[in-house]
Amino acid sequence: MRYCLAMVANPHVSAAGFPEALVAAALDAALTLPAAVPVFAIAGLQGSGKSTLAAQVAALAGQRGRTAAVLSIDDFYLDKATRQRLARDVHPLLATRGPPGTHDVDSACATLDALKQGIATTLPRFDKLADDTAPRASWPRLDGAADLVIIEGWLLGTPAEDEAALAEPVNALERNEDPDGRWRRYCNDALRRDYPALWRRFDALWFLQPPGFEAVSQWRWQQEQQLAREQPGKPAMDYGQVQRFIGFFERVSRQALRTLPGIADRTIRLDAQRHLRDL
């Protein structure tokens with residue numbers, strides 16, 4: 001799990017995370033779902049606090065004597081070698097993890113299915129600073145049945161765009177490095193074809209909604225600094241690299257902002273400082 005930088009003062013995302021009332025509401029909502037082992041999904045753009053909320057809900061579940069398995073869509077990124085093959089065979093931009101088409105959706109579905117069935121399983125992990133799948137020996141293993149599965153991710157539940165929407169680039173990355181739209185069509189086709197099978201495994205979806213895509217720039221830079229502090233000595237992106245990296249996510253992030261408030265079971269609105277605008 002990754003923790004984003006904290007804010008101070010309740011009802012903000014504080015050093016202790018989200019307010020206790022919100023965390024309790026999330027856990028109560030998850031545990032009252034009709035599934036025997038419910039899958040509770042938390043969506044939010046980069047740096048919005050989704051991994052922090054997931055960790056808090058899992059911790060509270062533990063305090064109540066419940067076992068929660070926590071996953072991130074980031075744990076299911078394709079490994080570096082596979083993305084390099086895609087970059088060679090389909091489009092160079094597919095070497096970069098993140099957009100639809102760079103996840104092992106089948107593995108994510110299989111992992112959720114095993115957890116829902118109470119089957120002992122390992123939980124995949126991805127090393128972001130190494131930009132590759134973490135060694136399997138480091139993957140945590142859950143031998144007993146979980147009472148709850150929490151999965152978080154930036155694009156969870158997001159539908160594909162209409163084909164016509166792909167014609168115009170949304171940023172310099174698309175304009176300069178994907179002039180014929182081949183990369184964005186590949187990503188959108190993957191989002192339409194592969195990801196709904198994963199979305200259908202969610203029993204509930206909450207969305208942490210930022211005021212707009214522009215907030216992501218500041219949040220993602222803070223997140224990278226936090227990653228570097230957690231794993232000193234490993235290479236991290238500088239500010240310019242982070243800004244380019246964000247461009248890979250902009251199209252689908254804007255689609256999430258347009259659509260998820262109408263799809264999610266609950267939307268939690270945040271301001272630019274990640275203060276909760278309402279409870």
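In this briefing, Ala, Val, Leu, Ile, Met, Phe, Trp, Tyr, Cys and Pro count as nonpolar, Asp, Glu, Lys and Arg as charged, and the others, Gly among them, as polar. The structure is a predicted model, in which local features need pLDDT of at least 70 and side-chain atom pairs count only at pLDDT 80 or more, while totals for chains, interfaces and linings use all residues. Residues are numbered from 1 along each chain as its sequence is written, and side-chain values use heavy atoms, with hydrogens and water left out. Helices (H or I, at least four residues) and strands (E, at least two) are DSSP runs, numbered from the N terminus.

**The largest cavity**

- A search of the whole structure finds 1 cavity of 30 Å³ or more; a cavity is a set of points, on a 1 Å grid over the protein atoms alone, where a 1.4 Å probe fits but cannot get out.
- The volume of the largest cavity is about 110 Å³, a volume being the space filled by probe spheres set on the points, which are joined across faces, edges and corners.
- Its lining consists of 15 residues, where lining residues have an atom within 4 Å of a point.
- Pro-100, Arg-184, Cys-187, Arg-251 and Val-252 are the lining residues that lie nearest the centre of the largest cavity.
- By type, the lining of the largest cavity divides into 8 nonpolar, 3 polar and 4 charged residues.
- Helices H6 and H10 each supply at least two residues of this lining, and the largest share, 5 residues, comes from H6.

- Leu-191 lies in helix H6, which covers residues 182–193.
- Leu-191 counts as buried because its relative accessibility is 2%; buried means under 20% relative accessible area, exposed over 50%, and partly exposed in between (1.4 Å probe, protein chains only).
- Leaving aside neighbours within four places in sequence, Leu-191 is in contact with residues including Pro-100, Trp-199 and Val-252, contact meaning heavy atoms within 4.5 Å.
- Ala-165 is located in the loop between strand S7 (148–153) and helix H5 (172–177), and at 35% relative accessibility it counts as partly exposed.
- Ala-165 and Arg-251 are 86 residues apart along the chain, and their C-alpha atoms are separated by 9.9 Å.

**Helix H9**

- Within helix H9 (residues 239–247), Val-242, Phe-245, Ile-246 and Gly-247 are buried.
- These buried residues of H9 pack against H5, helix H8 (215–230) and helix H10 (250–263).
- At the start of H9, a side-chain oxygen of Asp-238 reaches to within 3.2 Å of the backbone nitrogen of Gly-240.

**Cysteines**

- The whole structure contains 0 disulfides, a disulfide being a pair of cysteine sulfur atoms within 2.5 Å.
- The sulfur of Cys-109 is 18 Å from the closest cysteine sulfur, in Cys-187, and is therefore too far for a bond.
- Cys-109 counts as buried at 7% relative accessibility, and Cys-187 counts as buried at 6%.

**Positive phi values**

- Most residues other than glycine have a negative phi.
- Asp-131, which is not a glycine, has a positive phi of about 55° and is found in the loop between strand S4 (126–127) and strand S5 (132–133).
- Arg-274 likewise has a positive phi, near 65°, and is placed in the segment after strand S9 (266–269).
- Arg-274 counts as buried, at 1% relative accessibility.

Definitions and conventions
A polar contact is a pair of N or O atoms within 3.5 Å; within protein, one must be able to donate a hydrogen and the other to accept it, and residues adjacent in sequence count only if both atoms are side-chain atoms. On a 1 Å grid over the protein atoms alone, a cavity is a set of points where a 1.4 Å probe fits but cannot get out, and a pocket is an open set with protein on both sides within 12 Å along at least five of seven lines; lining residues have an atom within 4 Å of a point.
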